[in-house]
Amino acid sequence: MSSSHDYAYEACDSEDRDTCEAANVTRSRSCSRGSQHNKSSSRVGAFLILVYITLISVALLVVGVGCFLWGRSSEGRCQQSEVSHLPSDWLKPPGNVQTTFYYQKPFAVQTTNESESPWYSLFPHGGGFVQHPQISPEPRCLAVYHQLHCLDAIRTGYWAANTGISPGHHGRPAHVRHCIDYIRQSLMCHADANLEPIDPALGGVTGFGSEKMCRDYSGLTAWADRWGNEGY
């Protein structure tokens, strides 16, 4: 099969052969330059695509970081706003009586005639039921004495289960169940915010040996004793 050069030579006579060869060489160089130009253009196009992708990636990263930082600052502003609406002393425990808790064993021992006496001493005349012309025209119970009554019922039920002795009406299971949930809700209602130090030896807190701010229990008991109602 004849090549393209053969066809080119056939189109030329002998005296023009040099001219034809020069023309063929020129055409070959033109094709070579065209091929190099195409390769160069391809490399430039690939480089531009890479630059474009890089710019988009950087832009997305900047937007993402900006959104994250904005969200964090907005959350902080919301938290600061919520705190700023609270009273400055909102965590302060109620009351103005400073006291220290100590373990008092007589209130925790097994139910006996002797152990009942400390519990009875906690209650005012009327057992916590009061009637006052302005504050409570109808007989009502001050909640703290109901709560203490329930705590004593749990004590009675605990020792009855521990010793196998009948708990009687005060420590019967149905009453104890009522008292457990009633005290739970009472504790949450009052939400005592006194801060208790950690005992390093225990890795926790005992609640004893630290100062607390409390309401005036003795004053309340004296008032309840004054307005006590024995009908309940």
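**Exercise 1. The largest pocket**

How much space lies in the largest pocket? Describe its lining as well.

Solution. The model under study is predicted.

Step 1. The volume of the largest pocket is about 1900 Å³.

Step 2. The lining comprises 36 residues, and those closest to the centre of the pocket are Phe101, Val144, Leu148, Cys214 and Tyr217.

Step 3. Two or more lining residues come from each of strand E1 (97-100), H4, helix H5 (173-190), strand E4 (211-214) and H6. Among these elements, H4 gives the most, with 5 residues.

Step 4. By class, the lining of the largest pocket holds 23 nonpolar, 8 polar and 5 charged residues.

**Exercise 2. The packing of H4 and H6**

At what angle do helix H4 and helix H6 pack, and how far apart are their axes? Classify the arrangement and identify the residues in contact.

Solution. Two quantities are required: packed helices are described by the angle between their axes and the distance between the axes.

Step 1. For H4 (residues 143-163) and H6 (residues 217-226), the angle is about 105° and the axes are 11 Å apart.

Step 2. Angles of 65 to 115 degrees count as roughly perpendicular; H4 and H6 are therefore roughly perpendicular to each other.

Step 3. On the H4 side the contact involves Val144, Tyr145 and Leu148, which meet Tyr217, Leu220, Thr221 and Ala224 of H6. This contact has 6 nonpolar residues, 1 polar residue and no charged residues.

Step 4. Val144, Leu148 and Tyr217 take part in this contact, and they are also among the residues closest to the centre of the largest pocket.

**Exercise 3. The second largest pocket**

Which residues are the closest to the centre of the second largest pocket? State its volume and the composition of its lining.

Solution. 

Step 1. About 280 Å³ of space lies in the second largest pocket.

Step 2. It is lined by 14 residues, of which Tyr120, Phe123, His149, Asp152 and His170 are the closest to its centre.

Step 3. Helix H3 (113-120) and H4 each give two or more residues to this lining, and the largest share, 5 residues, comes from H4.

Step 4. The lining of the second largest pocket divides into 6 nonpolar, 6 polar and 2 charged residues.

Technical notes: Residues numbered from 1 in each chain as written. Predicted model: local features only at pLDDT ≥ 70, side-chain atom pairs only at ≥ 80, totals over all residues. Heavy atoms only, no water. Axes fitted to C-alpha atoms, helices over the stretch in contact; angles between N-to-C directions. Helix = DSSP H or I, 4+ residues; strand = E, 2+ residues; numbered from the N terminus. Parallel < 35°, antiparallel > 145°, perpendicular 65-115°, else oblique. Contact = heavy atoms within 4.5 Å. Nonpolar A, V, L, I, M, F, W, Y, C, P; charged D, E, K, R; others polar. 1 Å grid on protein atoms, 1.4 Å probe; cavity = no way out; pocket = protein on both sides within 12 Å on 5 of 7 lines; lining within 4 Å. Points joined across faces, edges and corners; volume = space filled by probe spheres on them.
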